[in-house]
Amino acid sequence: MTFLDAVRRGLAPDGGLYMPDTIPVLSNDFWENLHRQNFHEISLQMVKPYLEDQFNDPAIEKIISDSLNFPLELKPVQDGVDILELFHGPTLAFKDFGARFMARLFSEKAQQEQKEVTILVATSGDTGSAVAHGFYKVPGVRVCLLYPKGKVSLLQEQQMATLGENIQVLEVEGTFDDCQALVKQAFLDHQLNEKMELSSANSINIARLLPQSLYYAYTIGELQKRGVHQPVFSVPSGNFGNLTGGLLAMKMGMPVQGFLAATNVNDVVPQYLSGSGFKPKRSVQTISNAMDVGNPSNFARIQFLFEESDSEIRKHLTGYSFNDSETRTGIRELYEETGYLACPHTAIGYLAAKNQIASDRKASHCVVLSTAHPVKFRDVIEPLIAEEIEVPERLLKWLKREKKSVAIGSQFEEFKSYLTDTN
Ligand SMILES: *Cc1c(COP(=O)(O)O)cnc(C)c1O
């Protein structure tokens, strides 16, 4: 099966997640000379082994430059800590990387096959807006987004639910896990699959993972310029797609000391890393709501990448989890000490980095992945710093638009009828 086939299918027929059967390893020369290349040159080299059987170099370059066409910024904030800002795309969150790259691949596939595809996405917020924007008006693709009612921010809701056209949005009476369960059940439903071409665009889609490995390599190059090597990446995590992207880069040969799996109280992975088994739980709502995941799907990929070895996983990943009150303190402290304003997700990554540095005799350099722009979480942040955050004009326009979402319950039959009736 080609990479594009796996993108198109989303989930394997048995409900499993796709992974490349072998991970291509790039040369030492490539990894040692990242500092000589820009983000697009690095991306081309890393993406090429997965797509070269279907596209030539200029076509791959075009996919990359059409989708990853917004800036990345690495900012030193404290001794030994950098923040990698991944939120300069259209929806101000890192999910723009995966969603835009994936939309480009879907559009290539739709052109090849000339068949309409229905893409199902369960979202706890940022995935939805990134996917909606990535696919907006892409010919041959209908997108159906499901989000838990009352559990996403107003701005997130407005950004995904006001587009219309080929973007359908369902407001589900339930949790994110209920939304994810509905999507999973749809893929296993024979009748639906006979009627329409279903596909997924969650962080389970393999097309999301690949672009999420590129900025890790870019960061290594930027640090090489300063003589810093083997950093630790602190990754604010929910469904663990972002962190899995980093592990993919590591398996491709990227030199790195390790990764911090930083979560809110939805701490299934940190619990696992501290020695207990992997025990999914119902998700709990927090102020870092894009990480409220009780059963992170990408854990299966992490196991695959380490050949199911618990000890190997625990060697490369260290878990940290923080509750809302610690997160609020983290936001305030970082702002007071450095003037840097972090969103609640990023603040959790920062807290993990700070704890790691305090406990780490090797005093590694930490890079915190900043996953969203703080302005998206004004309600949480403004009371903490007693200041107003200025909202960029390009966001304000979303708040004025009319919401077009449809309310449904969490029962599968209702979702199924909606899909069939609107097809
Ligand atoms: C999705 C998201 C996360 C979590 O990323 P995963 O890949 O699901 O682990 C963290 N922060 C923000 C802002 C997000 O949107």
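In the predicted model, an oxygen atom of the ligand lies 2.8 Å from a backbone N or O atom of Gly 238. Phe 240 likewise places a backbone N or O atom 2.8 Å from an oxygen atom of the ligand, and a polar backbone atom of Gly 241 is found 3.0 Å from a ligand oxygen atom. The protein buries 98% of the 380 Å² that the ligand exposes when taken alone.

The largest nonpolar core contains 108 residues. Met 46, Phe 135, Tyr 215, Phe 233 and Phe 259 have the most contacts inside this core. Another core, of 23 residues, lies apart from it and includes Cys 144, Leu 170, Leu 182 and Ile 204. With residues up to four places away in sequence not counted, Tyr 215 touches Phe 39, Leu 72, Leu 84, Leu 86, Phe 94, Phe 97, Asn 242 and Leu 369.

Pro 344 belongs to helix H17, which spans residues 344-359. Its relative accessible area is 0%, under the 20% cut-off, and Pro 344 is therefore classed as buried. Beyond its neighbours within four places in sequence, Pro 344 is in contact with Ile 287, Ser 288, Thr 327, Ile 331, Phe 377, Val 380 and Ile 381. Ala 261 stands 83 residues from Pro 344 along the chain, and the C-alpha atoms of these two residues are separated by 15 Å.

How values were computed
Residues are numbered from 1 along each chain as its sequence is written. This is a predicted model: local features need pLDDT of at least 70, side-chain atom pairs count only at pLDDT 80 or more; totals for chains, interfaces and linings use all residues. Side-chain values use heavy atoms; hydrogens and water are left out. Helices (H or I, at least four residues) and strands (E, at least two) are DSSP runs, numbered from the N terminus. Buried means under 20% relative accessible area, exposed over 50%, partly exposed in between (1.4 Å probe, protein chains only). Contact means heavy atoms within 4.5 Å. A nonpolar core is a set of buried Ala, Val, Leu, Ile, Met, Phe, Trp, Tyr and Cys residues joined through side-chain atoms within 4.5 Å. A polar contact is a pair of N or O atoms within 3.5 Å; within protein, one must be able to donate a hydrogen and the other to accept it, and residues adjacent in sequence count only if both atoms are side-chain atoms. Accessible areas come from the Shrake-Rupley method with a 1.4 Å probe; for residues, only the protein chains shown count as cover.
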